[in-house]
Amino acid sequence: MRRLLESRKVAVLVGVLVAVLFAICIAAIIPRAGGTGQATPEPAAPAANESDPANRVDPQQTPDSSFLYDTSISSLMSADAYMDGQTVQVVGEVVGDRIRAEDEPDFCWIALQSPTSPNDVVMVYLSRTLTQHIDTYGAYGKRGTTLQVRGTFNLACADHEGLSDLHAEHSSVVRKGAENPDPFRPQDFIPGAVLLALAGGLFFLFWRIRESNR
(Lines give C-alpha, C1' and ligand atoms only; values in the text may rest on other atoms or scores of the structure.)
Protein backbone atom coordinates (compact mmCIF):
# COMPACT_ATOMS: atom_id res chain seq x y z
CA MET A 1 0.00 0.00 0.00
CA ARG A 2 2.82 2.35 0.88
CA ARG A 3 4.56 1.75 -2.42
CA LEU A 4 1.31 2.44 -4.28
CA LEU A 5 0.96 5.80 -2.53
CA GLU A 6 4.56 6.64 -3.28
CA SER A 7 4.04 5.80 -6.97
CA ARG A 8 0.95 8.02 -7.12
CA LYS A 9 2.89 10.90 -5.55
CA VAL A 10 5.66 10.47 -8.10
CA ALA A 11 3.15 10.44 -10.97
CA VAL A 12 1.47 13.60 -9.65
CA LEU A 13 4.80 15.42 -9.21
CA VAL A 14 5.99 14.39 -12.67
CA GLY A 15 2.72 15.61 -14.16
CA VAL A 16 3.07 18.96 -12.37
CA LEU A 17 6.66 19.38 -13.55
CA VAL A 18 5.74 18.56 -17.15
CA ALA A 19 2.84 21.04 -17.03
CA VAL A 20 5.12 23.76 -15.65
CA LEU A 21 7.71 23.03 -18.35
CA PHE A 22 5.07 23.25 -21.07
CA ALA A 23 3.71 26.55 -19.71
CA ILE A 24 7.17 28.13 -19.47
CA CYS A 25 8.11 27.07 -23.00
CA ILE A 26 4.85 28.52 -24.38
CA ALA A 27 5.47 31.76 -22.49
CA ALA A 28 8.97 32.01 -23.96
CA ILE A 29 7.82 31.33 -27.54
CA ILE A 30 4.74 33.60 -27.67
CA PRO A 31 6.60 36.96 -27.23
CA ARG A 32 9.05 36.02 -29.97
CA ALA A 33 6.25 35.15 -32.38
CA GLY A 34 4.30 38.28 -31.47
CA GLY A 35 7.31 40.53 -31.97
CA THR A 36 7.81 39.53 -35.58
CA GLY A 37 6.68 42.37 -37.76
CA GLN A 38 6.51 42.94 -41.44
CA ALA A 39 8.63 45.60 -43.04
CA THR A 40 6.75 48.60 -44.32
CA PRO A 41 6.95 48.61 -48.12
CA GLU A 42 8.79 51.54 -49.61
CA PRO A 43 6.67 53.97 -51.60
CA ALA A 44 6.78 53.40 -55.32
CA ALA A 45 8.77 55.80 -57.42
CA PRO A 46 6.68 58.44 -59.17
CA ALA A 47 5.74 57.55 -62.70
CA ALA A 48 7.38 59.44 -65.51
CA ASN A 49 5.38 62.21 -67.09
CA GLU A 50 4.38 60.90 -70.50
CA SER A 51 3.70 64.41 -71.73
CA ASP A 52 7.31 65.44 -71.15
CA PRO A 53 9.05 65.75 -74.55
CA ALA A 54 12.22 64.27 -73.02
CA ASN A 55 10.35 60.97 -72.52
CA ARG A 56 9.21 60.62 -76.09
CA VAL A 57 10.80 57.98 -78.30
CA ASP A 58 12.50 59.18 -81.46
CA PRO A 59 11.79 56.55 -84.14
CA GLN A 60 14.62 57.97 -86.28
CA GLN A 61 17.28 57.36 -83.62
CA THR A 62 19.80 54.71 -84.60
CA PRO A 63 21.27 52.22 -82.12
CA ASP A 64 24.82 52.62 -80.87
CA SER A 65 27.23 50.76 -78.59
CA SER A 66 26.89 53.25 -75.71
CA PHE A 67 23.52 51.93 -74.58
CA LEU A 68 23.43 51.15 -70.85
CA TYR A 69 21.50 48.17 -69.50
CA ASP A 70 20.30 48.94 -65.97
CA THR A 71 19.77 45.35 -64.92
CA SER A 72 20.12 43.02 -61.93
CA ILE A 73 22.72 40.49 -60.86
CA SER A 74 20.11 37.73 -61.12
CA SER A 75 19.53 38.65 -64.77
CA LEU A 76 23.24 38.45 -65.48
CA MET A 77 23.34 34.95 -64.02
CA SER A 78 20.81 33.81 -66.63
CA ALA A 79 22.04 36.05 -69.46
CA ASP A 80 22.52 34.79 -72.98
CA ALA A 81 25.01 35.76 -75.69
CA TYR A 82 23.09 38.97 -76.40
CA MET A 83 24.35 40.49 -73.13
CA ASP A 84 27.97 39.55 -73.80
CA GLY A 85 30.10 42.70 -74.15
CA GLN A 86 27.26 45.05 -73.19
CA THR A 87 27.65 47.95 -70.75
CA VAL A 88 25.52 47.15 -67.73
CA GLN A 89 24.79 48.67 -64.35
CA VAL A 90 23.92 46.58 -61.29
CA VAL A 91 23.43 47.05 -57.57
CA GLY A 92 24.60 44.52 -55.01
CA GLU A 93 26.21 43.88 -51.64
CA VAL A 94 29.97 43.34 -51.44
CA VAL A 95 30.58 39.95 -49.78
CA GLY A 96 33.65 37.89 -48.99
CA ASP A 97 37.09 39.46 -49.33
CA ARG A 98 38.91 41.59 -51.86
CA ILE A 99 41.20 39.39 -53.96
CA ARG A 100 44.30 40.78 -55.63
CA ALA A 101 44.42 40.18 -59.37
CA GLU A 102 47.39 38.08 -60.42
CA ASP A 103 47.86 39.76 -63.80
CA GLU A 104 47.58 43.38 -62.63
CA PRO A 105 48.67 44.48 -59.14
CA ASP A 106 46.55 47.64 -59.41
CA PHE A 107 43.39 45.61 -60.00
CA CYS A 108 41.42 43.23 -57.83
CA TRP A 109 38.29 41.11 -57.61
CA ILE A 110 35.21 41.57 -55.44
CA ALA A 111 32.02 39.51 -55.22
CA LEU A 112 28.75 41.38 -55.64
CA GLN A 113 25.67 39.62 -54.24
CA SER A 114 22.14 40.21 -55.42
CA PRO A 115 20.01 42.05 -52.81
CA THR A 116 16.97 39.91 -53.71
CA SER A 117 18.57 36.51 -54.35
CA PRO A 118 21.55 35.63 -52.09
CA ASN A 119 22.54 32.73 -54.33
CA ASP A 120 23.23 35.04 -57.28
CA VAL A 121 26.74 36.53 -57.20
CA VAL A 122 28.75 38.21 -59.95
CA MET A 123 32.52 38.60 -59.84
CA VAL A 124 33.63 42.18 -60.50
CA TYR A 125 37.06 43.05 -61.88
CA LEU A 126 38.01 46.62 -61.00
CA SER A 127 40.86 48.88 -60.03
CA ARG A 128 41.88 49.08 -56.38
CA THR A 129 40.98 52.77 -56.31
CA LEU A 130 37.33 51.90 -56.94
CA THR A 131 37.31 49.80 -53.76
CA GLN A 132 38.54 52.51 -51.42
CA HIS A 133 35.00 53.57 -50.48
CA ILE A 134 34.03 50.00 -49.44
CA ASP A 135 33.82 50.19 -45.65
CA THR A 136 32.54 46.65 -44.92
CA TYR A 137 32.83 43.30 -46.67
CA GLY A 138 29.78 41.16 -46.01
CA ALA A 139 30.18 38.12 -43.78
CA TYR A 140 28.45 36.48 -40.82
CA GLY A 141 27.30 39.28 -38.53
CA LYS A 142 28.18 41.96 -41.09
CA ARG A 143 26.24 43.64 -43.88
CA GLY A 144 28.57 44.58 -46.69
CA THR A 145 28.63 47.89 -48.50
CA THR A 146 25.97 48.11 -51.21
CA LEU A 147 27.50 49.32 -54.48
CA GLN A 148 26.17 50.46 -57.81
CA VAL A 149 28.64 49.20 -60.40
CA ARG A 150 28.80 50.07 -64.08
CA GLY A 151 30.98 48.24 -66.56
CA THR A 152 31.27 45.67 -69.33
CA PHE A 153 29.69 42.26 -68.78
CA ASN A 154 31.52 39.25 -70.19
CA LEU A 155 29.60 36.04 -70.51
CA ALA A 156 32.86 34.11 -70.91
CA CYS A 157 35.80 36.47 -70.41
CA ALA A 158 38.71 35.61 -72.70
CA ASP A 159 41.15 37.35 -70.36
CA HIS A 160 40.09 35.39 -67.27
CA GLU A 161 39.81 31.76 -68.37
CA GLY A 162 36.22 31.96 -69.55
CA LEU A 163 34.89 33.34 -66.27
CA SER A 164 31.59 35.19 -66.38
CA ASP A 165 32.50 38.57 -64.92
CA LEU A 166 31.93 42.29 -64.92
CA HIS A 167 34.78 44.68 -65.74
CA ALA A 168 33.85 47.77 -63.74
CA GLU A 169 34.54 51.29 -64.92
CA HIS A 170 32.67 53.10 -62.16
CA SER A 171 31.29 52.29 -58.71
CA SER A 172 29.41 54.32 -56.12
CA VAL A 173 28.07 53.62 -52.65
CA VAL A 174 24.32 53.08 -52.35
CA ARG A 175 24.37 52.10 -48.67
CA LYS A 176 27.17 51.78 -46.17
CA GLY A 177 27.91 48.49 -44.48
CA ALA A 178 27.11 47.74 -40.86
CA GLU A 179 27.76 45.30 -38.05
CA ASN A 180 24.84 42.96 -37.32
CA PRO A 181 25.82 40.98 -34.21
CA ASP A 182 23.36 38.46 -32.84
CA PRO A 183 21.44 40.09 -29.95
CA PHE A 184 21.67 38.49 -26.52
CA ARG A 185 18.20 37.19 -25.55
CA PRO A 186 18.02 35.77 -22.02
CA GLN A 187 14.59 34.27 -22.72
CA ASP A 188 16.20 31.90 -25.23
CA PHE A 189 17.85 30.09 -22.31
CA ILE A 190 14.57 29.52 -20.43
CA PRO A 191 13.57 26.20 -22.09
CA GLY A 192 17.02 24.74 -21.49
CA ALA A 193 17.07 25.87 -17.86
CA VAL A 194 13.61 24.38 -17.30
CA LEU A 195 14.68 21.07 -18.83
CA LEU A 196 17.69 20.96 -16.52
CA ALA A 197 15.46 21.71 -13.53
CA LEU A 198 13.01 19.00 -14.61
CA ALA A 199 15.83 16.48 -14.99
CA GLY A 200 17.11 17.38 -11.52
CA GLY A 201 13.63 17.03 -10.05
CA LEU A 202 13.11 13.61 -11.63
CA PHE A 203 16.51 12.47 -10.39
CA PHE A 204 15.60 13.57 -6.87
CA LEU A 205 12.23 11.76 -7.01
CA PHE A 206 13.78 8.49 -8.15
CA TRP A 207 16.41 8.82 -5.43
CA ARG A 208 13.70 9.27 -2.78
CA ILE A 209 11.78 6.26 -4.09
CA ARG A 210 14.90 4.15 -4.01
CA GLU A 211 15.71 5.23 -0.47
CA SER A 212 12.14 4.57 0.73
CA ASN A 213 12.17 1.07 -0.70
CA ARG A 214 15.29 0.00 1.20
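**Briefing: an enclosed strand and the core around it**

Strand β3 (residues 107-113) has 6 of its 7 residues buried, so the rest of the structure largely encloses it. Buried means under 20% relative accessible area, exposed over 50%, and partly exposed in between, with a 1.4 Å probe and protein chains only. This is a predicted model: local features need pLDDT of at least 70, side-chain atom pairs count only at pLDDT 80 or more, and totals for chains, interfaces and linings use all residues. Residues are numbered from 1 along each chain as its sequence is written, and side-chain values use heavy atoms, with hydrogens and water left out.

**Overall layout**

- The protein chain has 3 helices and 8 strands.
- Its pattern along the sequence is α-β-α-β-β-β-β-β-β-β-α.
- Helices (H or I, at least four residues) and strands (E, at least two) are DSSP runs, numbered from the N terminus.
- Of the 214 residues in the protein chain, 26% are buried.
- Take contacts between residues at least 6 apart in sequence: 55% of them join residues at least 24 apart. Contact means heavy atoms within 4.5 Å.

**Partners of β3**

- Strand β2 (residues 87-100) runs antiparallel to β3, with 5 bridges between them. Strands pair if DSSP finds at least two bridges between them.
- A hairpin of 6 residues connects β2 to β3.
- Val95 has Ala111 of β3 as its bridge partner.
- Strand β4 (residues 121-127) is also antiparallel to β3, joined by 7 bridges.
- Ile110 sits opposite Val124 of β4.

**Nonpolar core**

- The largest nonpolar core has 21 residues; Leu112, Val124, Val149 and Leu166 touch the most other members.
- At least two residues of this core come from each of α2 (73-77), β2, β3, β4, β6 (146-154) and β7 (165-175).
- Such a core is a set of buried Ala, Val, Leu, Ile, Met, Phe, Trp, Tyr and Cys residues joined through side-chain atoms within 4.5 Å.

**Cysteines**

- Cys108 is buried at 0% relative accessible area.
- Cys157 is buried too, at 2% relative accessibility.
- The structure holds 0 disulfides, counted as pairs of cysteine sulfur atoms within 2.5 Å.
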